[in-house]
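This report covers helix packing in one protein model. The sequence and structure come first, followed by the text.

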Amino acid sequence: RLEANPDRLEEVETRLAALDKLKRKYGATIEDVLAFLVETRAQLEAVENSTERRMELERERKQLASEYEAAATKLSAKRQEEAGLLSKKVETELGSLAMQRARFTIRMSPSGWTAEGMDDVAFLISPNPGEEPKPLDKIASGGELSRVALALKTCTQRPAKGMLKTLVFDEVDAGVGGSAAESVGRRLKKLASGNQVLCVTHLAQIAGFADHHYFVEKHESRGRTVATIAELKAEARTREIGRMLSGEHVTAEAIKHAAQLIKMGKA
């Protein structure tokens, strides 16, 4: 009951040959070929409508630029306002860190567009009267830089809501000694009343204010360097602070002085 149809056979074979040719050029499967077709049509449409698309993008660019400038201008105004307040707070803090005559200012200048706004912000300091404020990172000594960093952290911290805040000071005593070291210790002690403060120090004047004193030591074990940490209690703490004062040979005077520092730190 089958009737031969040479025309239909030729049509089917021609169709199959065309599909094979498409797959060789545009994809391994019919699905790949159809996906290529959709992509090509989109590209052609974009080319044909390039003028309209360009105008649309330009309108979008102007709209986004306007929104950015409005937000950046508002941010700059807020920064200017806060910069004055922060400068005064930092100067007050520096006064408590034996830098009573230092001047601290924040300079803002226009910059290009960035994700942080349109401002270049620089911290300036004049450690001594009669000197013009200059960039902090250019003129501040190690001790001054440490104290400014402590003042900034103190002024910019925000009260924790239901969660204790941890502040870490690593070598904050660099270049600091005498009464300035004591001032730093007292400020850290004050910060610790409402925060968890971790401080790495080599100064006995600062260590004496700690609520908990940990001794960190490196030594060699089986050919490798190992660091150990131990909390010092009572007599061991007094002896360690005495060692910080006098060196490896701990004198009776150093022990007595260490006990006085610990007592002063608890006052």
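The model is predicted: local features need pLDDT of at least 70, side-chain atom pairs count only at pLDDT 80 or more, and totals for chains, interfaces and linings use all residues. Residues are numbered from 1 along each chain as its sequence is written, and side-chain values use heavy atoms, with hydrogens and water left out. Helices (H or I, at least four residues) and strands (E, at least two) are DSSP runs, numbered from the N terminus.

**Two helix pairs**

Axes are lines fitted to C-alpha atoms, for helices over the stretch in contact, and angles run from 0 to 180 degrees between N-to-C directions.

| Pair | Axis distance | Angle |
|---|---|---|
| α3 (residues 50-95) and α5 (residues 142-156) | within 9 Å | roughly 125 degrees |
| α8 (residues 234-246) and α9 (residues 252-266) | 8 Å | about 115 degrees |

Angles under 35 degrees count as roughly parallel, over 145 as roughly antiparallel, 65 to 115 as roughly perpendicular and the rest as oblique. Helices α3 and α5 are therefore oblique to each other, and α8 and α9 are therefore roughly perpendicular.

The contact of α3 with α5 (heavy atoms within 4.5 Å) joins L86, K89, V90, E93 and L94 of α3 to R147, V148, A151, L152, T154, C155 and T156 of α5. These residues divide into seven nonpolar, two polar and three charged. For these classes, Ala, Val, Leu, Ile, Met, Phe, Trp, Tyr, Cys and Pro are nonpolar, Asp, Glu, Lys and Arg are charged, and the others, Gly among them, are polar.

Helices α8 and α9 are therefore roughly perpendicular to each other; R237, T238, R239, I241, G242, L245 and S246 of α8 meet A254, I255, H257, A258, A259, L261 and I262 of α9. This contact has eight nonpolar, four polar and two charged residues.

**Buried positions**

Buried means under 20% relative accessible area, with a 1.4 Å probe and protein chains only. In α3 the buried residues are A65, A72, S76, A83, L86, S87, V90, E93 and L94. They pack against β1 (103-114), β2 (117-126), α5 and α6 (178-192).

R187 lies in α6 and counts as buried because its relative accessibility is 9%. Leaving out residues up to four places away in sequence, R187 touches E93, S96, L97, L150 and T154.

Methods
Buried means under 20% relative accessible area, exposed over 50%, partly exposed in between (1.4 Å probe, protein chains only).
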